Amino acid sequence: MKPVPFGYVAASSAEEAVALLAKHGDEAMILAGGQSLLPLLNLRLARPSVLVDVSGIAELDYIVESDGAVERLGQGEEPRGHARAFPE
(Lines give C-alpha, C1' and ligand atoms only; values in the text may rest on other atoms or scores of the structure.)
Protein backbone atom coordinates (compact mmCIF):
# COMPACT_ATOMS: atom_id res chain seq x y z
CA MET A 1 0.00 0.00 0.00
CA LYS A 2 1.19 3.53 -0.67
CA PRO A 3 0.66 6.60 1.54
CA VAL A 4 -1.91 9.25 0.75
CA PRO A 5 -0.41 12.41 -0.83
CA PHE A 6 1.20 14.86 1.60
CA GLY A 7 3.36 17.96 1.52
CA TYR A 8 7.01 17.98 2.56
CA VAL A 9 9.00 20.85 4.08
CA ALA A 10 12.63 20.60 5.24
CA ALA A 11 12.95 23.08 8.11
CA SER A 12 16.30 24.85 8.31
CA SER A 13 16.05 25.82 11.99
CA ALA A 14 14.17 24.85 15.14
CA GLU A 15 12.35 28.20 14.97
CA GLU A 16 11.15 27.45 11.43
CA ALA A 17 10.07 23.93 12.44
CA VAL A 18 8.01 25.29 15.34
CA ALA A 19 6.39 27.89 13.06
CA LEU A 20 5.52 25.23 10.47
CA LEU A 21 4.04 22.95 13.11
CA ALA A 22 1.99 25.85 14.51
CA LYS A 23 0.81 26.79 11.01
CA HIS A 24 -0.31 23.27 10.08
CA GLY A 25 -1.51 22.18 13.54
CA ASP A 26 -2.73 18.60 13.90
CA GLU A 27 -2.31 18.02 10.16
CA ALA A 28 1.51 18.13 10.45
CA MET A 29 3.92 15.42 11.57
CA ILE A 30 7.63 15.61 12.32
CA LEU A 31 10.03 13.58 10.21
CA ALA A 32 13.36 13.05 11.96
CA GLY A 33 14.62 9.63 10.95
CA GLY A 34 11.52 8.09 9.49
CA GLN A 35 12.08 4.50 10.54
CA SER A 36 8.90 4.36 12.59
CA LEU A 37 6.86 6.92 10.63
CA LEU A 38 7.33 5.54 7.10
CA PRO A 39 5.63 2.20 7.78
CA LEU A 40 2.69 4.05 9.37
CA LEU A 41 2.42 6.21 6.24
CA ASN A 42 2.58 3.19 3.93
CA LEU A 43 -0.14 1.40 5.89
CA ARG A 44 -2.17 4.63 5.98
CA LEU A 45 -2.26 4.54 9.77
CA ALA A 46 -0.83 8.07 9.72
CA ARG A 47 -2.27 10.60 7.26
CA PRO A 48 -0.55 13.97 7.70
CA SER A 49 -1.15 16.75 5.20
CA VAL A 50 2.47 17.84 5.59
CA LEU A 51 5.71 16.36 6.94
CA VAL A 52 8.14 18.76 8.60
CA ASP A 53 11.64 17.33 8.22
CA VAL A 54 13.89 18.28 11.15
CA SER A 55 16.73 15.87 10.38
CA GLY A 56 18.98 18.60 8.96
CA ILE A 57 18.70 20.99 11.92
CA ALA A 58 22.07 21.03 13.71
CA GLU A 59 20.68 22.65 16.87
CA LEU A 60 18.49 19.56 17.41
CA ASP A 61 21.44 17.22 17.00
CA TYR A 62 21.95 16.31 20.67
CA ILE A 63 20.47 14.40 23.59
CA VAL A 64 20.48 15.81 27.12
CA GLU A 65 21.15 13.06 29.62
CA SER A 66 19.51 12.97 33.05
CA ASP A 67 22.78 13.66 34.88
CA GLY A 68 23.14 17.04 33.16
CA ALA A 69 25.71 16.02 30.56
CA VAL A 70 25.01 16.51 26.87
CA GLU A 71 25.77 13.68 24.47
CA ARG A 72 26.61 15.03 21.02
CA LEU A 73 25.68 12.87 18.06
CA GLY A 74 26.58 13.55 14.45
CA GLN A 75 23.82 13.80 11.87
CA GLY A 76 22.30 10.35 11.43
CA GLU A 77 24.56 8.71 14.04
CA GLU A 78 23.13 6.27 16.55
CA PRO A 79 24.26 6.26 20.21
CA ARG A 80 27.01 3.72 20.72
CA GLY A 81 26.97 3.70 24.50
CA HIS A 82 30.38 5.34 24.68
CA ALA A 83 29.79 8.71 22.97
CA ARG A 84 31.62 11.74 24.31
CA ALA A 85 29.75 13.64 27.01
CA PHE A 86 30.03 17.40 27.44
CA PRO A 87 29.01 19.21 30.67
CA GLU A 88 26.30 21.83 30.29
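1. Helices and strands are taken here as DSSP runs, helices of at least four residues (H or I) and strands of at least two (E), numbered from the N terminus. On that basis the chain, which is a predicted model, reads β-α-β-α-β-β-β-β along its sequence, with two helices and six strands in the protein.

2. The mean pLDDT of the protein is 80, and 68% of the residues reach 70 or more. Among the elements, strand β1 (residues 7-10) has the highest mean pLDDT, at 96, whereas strand β6 (residues 85-87) has the lowest, at 47.

3. Turning to the interior, buried residues account for 25% of the 88 residues in the protein. The largest nonpolar core has eight members, namely Ala11, Ala17, Leu20, Ala28, Val50, Val52, Val54 and Ile57, and the elements that contribute two or more residues to this core are α1 (14-24) and β3. Apart from it there is another core, of five residues, which includes Leu31, Leu37, Ala46 and Leu51. As general background, nonpolar side chains in soluble globular proteins tend to be buried together.

4. Leu20 deserves a separate remark as a member of the largest core. When residues up to four places away in sequence are not counted, Leu20 touches Val9, Ala11 and Val52. For the protein as a whole, 44% of the contacts between residues at least 6 apart in sequence join residues that are at least 24 apart.

5. A nonpolar patch on the surface is formed by Leu40, Leu43 and Leu45, which together have about 310 Å² of accessible area. Leu45 lies in the loop between α2 (37-42) and β3 (50-53), and Leu45 counts as exposed because its relative accessible area is 65%, where the cut-off for exposed is over 50%.

6. Arg44 is not a glycine, yet it has a positive phi of about 60°; most residues other than glycine have a negative phi. Arg44 is placed in the loop between α2 and β3. Is Arg44 exposed, partly exposed or buried? With a relative accessibility of 33%, Arg44 is classed as partly exposed, because that class covers the range between the buried limit of under 20% and the exposed limit of over 50%.

Methods
Residues numbered from 1 in each chain as written. Heavy atoms only, no water. pLDDT = per-residue confidence, 0-100. Patch = residues over 30% accessible without salt bridge, like charges linked within 9 Å, V, L, I, M, F, W, Y side chains within 5 Å. Areas by Shrake-Rupley, 256 points an atom, 1.4 Å probe, with all protein chains shown as cover. Salt bridge = Lys/Arg side-chain N within 4 Å of Asp/Glu carboxyl O. Buried < 20%, exposed > 50% of the residue type's maximum accessible area, 1.4 Å probe, protein only. Core = buried A, V, L, I, M, F, W, Y, C linked by side-chain atoms within 4.5 Å. Contact = heavy atoms within 4.5 Å.
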